[in-house]
Amino acid sequence: MSDATIPTESAGTEPTESKPTAAWPGAAEPRPTAARPGAAEPGTPRTAPADEAARIAPADEAAGLDAADPLRAKRDAFTLDDTIYLDGNSLGALPRAVPPRLADVVAREWGELRIRSWDESGWWTAPERIGDRVGRLIGAAPGQVVVGDSTSVNVFKAVVAAVRIAQERGAHRDQILVDEATFPTDGYIAESAARMTGCTVRPVAAGDVPTAVGARTAVALVNHVDYRTGRLHDLPGTTAAVHAAGALVVWDLCHSAGALPVGLDAHGVDLAVGCTYKYLNGGPGAPAYLYVAQAHQPRFDSPLPGWNSHADPFGMASAYTPADGAVRGRVGTPDILSMLALEAALEVWDDVTIEDVRAKSLALTDFFLRCVETYVPAGRVRSITPAAHAERGSQVALRCAEAGEAGEVMAELVRRGVVGDFRRPDVLRFGFTPLYTGFAEVERAARVLADVLKEG
């Protein structure tokens, strides 16, 4: 075990490189530990070690951590109530900047300026402008991210385009590797892309991609963070291994963007996709994004060549000529209302670094795991989220010991003001959004969970 000692289920070790971060304010100094694969790097934020924490009441520790939290003022930027909201990994809370911005878009930009707003209000350039804002949070230099469409549509664009690039290198590249535990849509899309490009799909464990990739591999489609378990996969190492085999990689960042550093440019990622309604708080159905590394943009051949990605969209030519740059990732008319809501939501990040967010995320999840160990009766739940910082995203998944009880447990938690979600048949998921989640809420959530399990 590393930071929390609640039992965890082993799911393999896939250490991920990460930059050391400053120790979390108010946390105790890390205890010396023997080096081991996947262990947290020196300086990684921690809550108090288990032996010291045993002498501190969790509620008192939470108060100290909240008082020292440099991000605590960010909570006021969101519309929240007394509910403990731990489902930001499914839908982020509403930023206060969004309603007035949308009111202005509807009443003035649409209501008064009408069609003039495509130019005068910057509607036409919104996909790339907002894409650059997202790019800052995922380590992408300007000009490589375009916002629009859904994650599913962008997965299709990215995988087909990646296969086409790979097959330019050799027609023998006829396999698409897919994370076998992927979110179902990614698998469905990969199957469709394979039929379209003459490939076959080969499901493999995300941690096995570096050894599974070979001469026939065209592209590997991998999730950065597993949506069920919260396991953080090895983006740098996997990307390097795929490239060494001459293939390309597409990363799904839905459960990592806005929660931890990604470093797309730094690690040479080819293409990436992600949603904006989770940790980026863009709202229900908010547009997704597509990253195309600058080096691949001249050869990016989208399977959905819409008029919005044409070099001269208003020329209305019958023949398609792709635009230069990330604009090639556009398809049809941008969904302006949701796109501008996202732009307003992203303002909350203007004075925040993703490294500080990651530090707090690790501290929150450490603390929650230890509170669960302290409060919950032994044997009732088991964490399937890796304890090692280098292998953990920003959620904690707990497997219920009794078959079929997870849904009832989560429903009762919601009735008592603790909102998470569950994945059938037996997993409780709790997502921690550092911009608005506090340590006192985490401690209370663990206590309520314990009460529900004791009474059940």
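Tutor: One term to start: a crossing is right-handed if the near helix is turned clockwise from the far one by less than a right angle, and left-handed if anticlockwise. This is a predicted model, where local features need pLDDT of at least 70 and side-chain atom pairs 80 or more, while totals for chains, interfaces and linings use all residues. Residues are numbered from 1 along each chain as its sequence is written, and side-chain values use heavy atoms, leaving out hydrogens and water.

Student: Okay, what's the handedness of the crossing of α6 and α7?

Tutor: Right-handed. α6 covers residues 151-169 and α7 residues 184-197, and they pack at about 40° with their axes 9 Å apart. (Helices are DSSP runs of H or I, at least four residues, and strands are runs of E, at least two, numbered from the N terminus; axes are lines fitted to C-alpha atoms, for helices over the stretch in contact, and angles run from 0 to 180 degrees between N-to-C directions.)

Student: Which residues of α6 and α7 make the contact?

Tutor: Among them are F156, V159 and V163 of α6 and I189, A193 and M196 of α7 (contact means heavy atoms within 4.5 Å).

Student: Switching topic: what does α7 make with β5 and β6?

Tutor: A right-handed β-α-β unit: with the strands pointing away from you, the path from the first strand over the helix to the second runs clockwise. β5 (175-179) and β6 (200-204) run parallel and are joined by five bridges, and D179 has V204 as its bridge partner in β6.

Student: And how many bridges join β5 to β7?

Tutor: Four, and β5 runs parallel to β7 (217-223) as well. There, V178 is partnered with L221.

Student: What order do the strands take in the sheet?

Tutor: β4-β10-β9-β8-β7-β5-β6, seven strands in an open sheet with mixed pairing (two strands pair if DSSP finds at least two bridges between them). At the edges, β4 (145-147) and β6 each pair on one side only. Neighbouring strands are turned by 20° on average, direction ignored.

Student: Which helix lies across β4 and β10?

Tutor: α5, residues 126-138, running at about 125° to β4.

Student: Last one: at what angle do α12 and α13 pack?

Tutor: About 130°, with axes 10 Å apart; α12 is residues 406-415 and α13 is 439-455. So α12 and α13 are oblique to each other (under 35 degrees is roughly parallel, over 145 roughly antiparallel, 65 to 115 roughly perpendicular, the rest oblique). Their crossing is right-handed, and V409, E412 and L413 of α12 touch V448, L449, V452 and L453 of α13.
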